[in-house]
Amino acid sequence: MTDEKGIVEAALFSAGHPISVEELAQTTGVEPGRVREHLKTLASDYGSRSSAVEVAAVGGKWTMQIRMEYTDRARSFAPPEIERDLLKTASLVAYHQPLLQSDLGDMIGSKVYEHVQALAALNLINKKPSGRSFELTTTRYFVEFFGIKAADREGIRRLLAEKAGVKFTPKTPPEARPEDPSSAEDAPDKESSQGPPSPAPGGPITGG
């Protein structure tokens, strides 16, 4: 049977960022006073084993992170941080793929060129010429970077739809699409320009 301390430790690691005792208590179902005791014990445990990882109090919250003396070397293995707007764009591409850059531009405006260039530079999306625009799809690295447990495009779309709480509509193969372009079945991916929630990479230095 899983013990309380192990549950708190797992929750702290999975958070990937500083988290309060109250948040940990709500997430784990462990009473706040017990959570606080377990955190102090974990901090002592990690300190006594001279681990490169530590459990520490930061600004009134707790976090699992790389010790300062190891941070510089560990950072070279950590994925780059991505700003929130770029995450939203990556999420749109993942959900609507294959997606034309021109259609993405209708969703996010003039910043589409900057965002596509940035995401391609990070090897998160592929772009190939398609008529007067570019077709955008996610890369294999996209799945690794965001820790998504799906490798195929439909699997990624299904997972993002589930996280967003929206109905998942499979892509209709071109040969199976109705001839009438006004048919509702011909536009399964125009549910919302907001799309699903942005995939969030876990903090590589602070656990997760």
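Visitor: Okay, which residue takes a positive phi in the hairpin of β1 and β2?

Guide: That's G59, with a phi near 55 degrees. The hairpin has 2 residues between its strands. Bear in mind that this is a predicted model.

Visitor: And do the strands pair in the parallel or the antiparallel sense?

Guide: Antiparallel, over 6 bridges. β1 covers residues 53-58 and β2 covers residues 61-66.

Visitor: What stands opposite Q65 of β2?

Guide: E54 does.

Visitor: Switching to helices. Which residues are buried in α2?

Guide: V21, L24, A25 and T28, in a helix that runs over residues 21-28. Those four sit on the same side of α2, because they cover an arc of only 100 degrees around the axis.

Visitor: What comes just after α2?

Guide: G29, which takes a positive phi of about 80 degrees.

Visitor: New topic: rings. How many aromatic pairs are there?

Guide: The count comes to 0, taking ring centres within 6.5 Å as the cut-off.

Visitor: Then which residues lie over the faces of Y46 and F134?

Guide: R49 lies over Y46, at 4.4 Å from the ring centre. For F134 it's K127, at 4.1 Å from the ring centre.

Definitions and conventions
Residues numbered from 1 in each chain as written. Predicted model: local features only at pLDDT ≥ 70, side-chain atom pairs only at ≥ 80, totals over all residues. Heavy atoms only, no water. Phe/Tyr/Trp six-rings, centres within 6.5 Å; stacked < 30°, edge-to-face > 60°. Lys NZ or Arg CZ within 6 Å of the ring centre and 35° of its normal. Pairing = 2+ DSSP bridges. Buried < 20%, exposed > 50% of the residue type's maximum accessible area, 1.4 Å probe, protein only. Arc of directions from axis to C-beta.
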